[in-house]
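Visitor: I'd like to learn how to read a model like this one. Could you walk me through it, one feature at a time?

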Amino acid sequence: MARKKGELIYKIYRAFSYGLSPMINLHLRWRKFRGLEHPKRWTERFGRPSLPRPAGPLVWFHAVSLGEGMAAIPVIKCCLTRRPDVTVLMTSTTLSAFEVIKKELPANVIYQFAPVDAPAAVEAFLGYWKPNAIILIESELWPNLIIGAAKEGIALALLNARMSAKSFRYWSLPVVLPLAAFMLSKFSLIVPLSNKQAIQFQLLQAPPLVINFSGDLKYAVEDTTLAGDNGLEELQEQLKHRKVWMASSLHRGEDKIMLRVHKALKEIYPDMLTIIVPRHLEVGQEIVLELQRKGISVALRSRSDKLSLGTETYVVDTLGELRELYRLTPIAVIGGSFLPGLAGHNISEAAVAGCAVLTGHYLGHFNHMVQEMQRLNPSSVLQVSGDMLVEALIELFSDAELLETRRAAAKQAYHALSNGVVENMWRLVQFHILDKSVPM
């Protein structure tokens, strides 16, 4: 009875999404006009390929945006190493993710934009690429894609599976719960981010036997060194004898908090430099204008500006360099966490670089990561409100021993939690997905 109800609701969803297809088409054209879609490859969103499909088995990895895409890359590399007979297709949705991820992927990975969840786009995409398996990252539950793939006999996995409290409330509504259960019944493997997430998926009636645990793929960030050809080594040399802190992944509104902090610290440490890394480039433009309006000297990463003794702020208005930039600073304040409605960002990139890690209290599902690190070492992550940030930074600047303790604690906690994550995830994918859909 429940299955039939789920099928009925899906038929309604499918008809509704089919009827909306002309509006979706117009919406994508409008996004292209605004520069939010790729100017040449935006039609891939309709399932139209831009590259040929190689012969042989193919596994499709999909991540909506940058964070999820970066989490998928270690598993993709493992797949290419362990199964060289398999072609890997990677898709993402956002243009910003595309520009960064394409530089990080191995050269033999096919990279496309993901189709919208409209029947014609999904059918065109599946019909052309004919994947043997689909591996979705985190929270990508799209009915036409999932049920359409299942009808074609394509194996489905959901890695780092999670959903926000808002999404869980939505999928739990009596009118849509049968659809959620119907979709989740199509998966051969679900690897939740935490015990809490596993319970949520079980409450949405995911089959218990497909739920397995591995660890958080967002710990699987690769340690980086500064590249000599991008100017960061020179920048590091210029910062050797200055007090430095970084405010990264800032959202609109958080910049005002960080500028207040900068002003207060500058009175105590006149030679201090604040590195500002906005989450979105348009926010970076707003920050630069505000700094100039307040008479605060600013250097821009995009212009390759040189630092002088009078430079007070360094705004990174480029994409894809955050992991390297963490190596320039002993202190990282992770944004997306200081205002209500925000949901945090990945702190492991700062931890592996050896930064003392500070974050706010609005963390969303990243609260799980913070709690795990603090459980291993209470000094690994410091949670503060925007009002207490100045005091916390003064304490770190004035106590070299405390600063080194927090830096070492963050790195130690990261290494403990990242150990074996990719290998464990690969074993689950191999056993539950590839051994059955792409046998050796």
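Guide: Let's start with strand pairing: two strands pair if DSSP finds at least two bridges between them. The helices (H or I, at least four residues) and strands (E, at least two) are DSSP runs, numbered from the N terminus. Before we go on, this is a predicted model, where local features need pLDDT of at least 70, side-chain atom pairs count only at pLDDT 80 or more, and totals for chains, interfaces and linings use all residues. Residues are numbered from 1 along each chain as its sequence is written, and side-chain values use heavy atoms, with hydrogens and water left out.

Visitor: Okay, in which sense do β2 and β3 pair?

Guide: They run in the parallel sense, with 4 bridges between them. Take Thr91: its bridge partner in β3 is Gln112.

Visitor: And which way do the residues of β3 point?

Guide: Ile110 and Gln112 point one way from β3 (residues 110-113), while Tyr111 and Phe113 point the other way. All of them are buried, and buried means under 20% relative accessible area, with exposed over 50% and partly exposed in between (1.4 Å probe, protein chains only).

Visitor: Where is Thr93 found?

Guide: Look in the loop between β2 (87-92) and α4 (95-104). Thr93 is buried, because its relative accessible area is 18%. For its surroundings, count contacts, meaning heavy atoms within 4.5 Å. Not counting residues up to four places away in sequence, Thr93 touches Arg45, His62, Ala63, Val64, Phe113 and Ala114.

Visitor: What does Leu58 contact, leaving aside its neighbours within four places in sequence?

Guide: Its contacts there are Arg53, Val86, Thr87, Leu89, Trp129, Pro131, Asn132 and Ala133. Leu58 lies in β1 (residues 58-62), and with 0% relative accessibility it counts as buried.

Visitor: Now a helix. How many residues does α3 have, and how far does it reach?

Guide: The expected span of a helix is 1.5 Å times one less than its number of residues. Helix α3 (residues 66-82) has 17 residues and reaches 25 Å from its first C-alpha to its last, close to the 24 Å expected.

Visitor: Where does the kink in α3 lie?

Guide: A bend at a residue is the angle between axes fitted to the seven residues ending there and the seven starting there. In α3 there is a kink of about 30 degrees at Ile73, shortly before the proline Pro74.

Visitor: How many residues of α3 are buried?

Guide: The count is 12 of its 17, so α3 is mostly covered by the under-20% rule. Among them are Glu68, Ile73, Pro74, Cys78 and Cys79.

Visitor: You mention cysteines. How many disulfides are there?

Guide: A disulfide is a pair of cysteine sulfur atoms within 2.5 Å, and the count comes to 0. For Cys79, the nearest cysteine sulfur is that of Cys78, 7.9 Å away. Cys79 is buried, with a relative accessible area of 1%, and Cys355 counts as buried at 0%.

Visitor: How many salt bridges does the structure hold?

Guide: Side chains of opposite charge can pair when their charged atoms come close. The cut-off is a side-chain nitrogen of Lys or Arg within 4 Å of a carboxyl oxygen of Asp or Glu, and the structure holds 21 such salt bridges. One of them joins Glu286 and Arg252 (2.6 Å, N to O). Glu286 lies in α12 (residues 281-293) and Arg252 in the loop between β7 (244-250) and α11 (254-268), so the pair ties together parts that are 34 residues apart in sequence.

Visitor: Which residue forms a salt bridge with Glu404?

Guide: Residues three or four places apart in an α-helix point the same way, because there are 3.6 residues a turn. Glu404's partner is Arg407, with the closest N and O atoms 3.4 Å apart. Both lie in α17 (residues 400-418), 3 residues apart, about one turn of the helix. Glu404 is partly exposed at 45%, and Arg407 is partly exposed at 24%. Salt bridges can also link up into a network, as Glu68, Glu138, Arg162 and Lys218 do.
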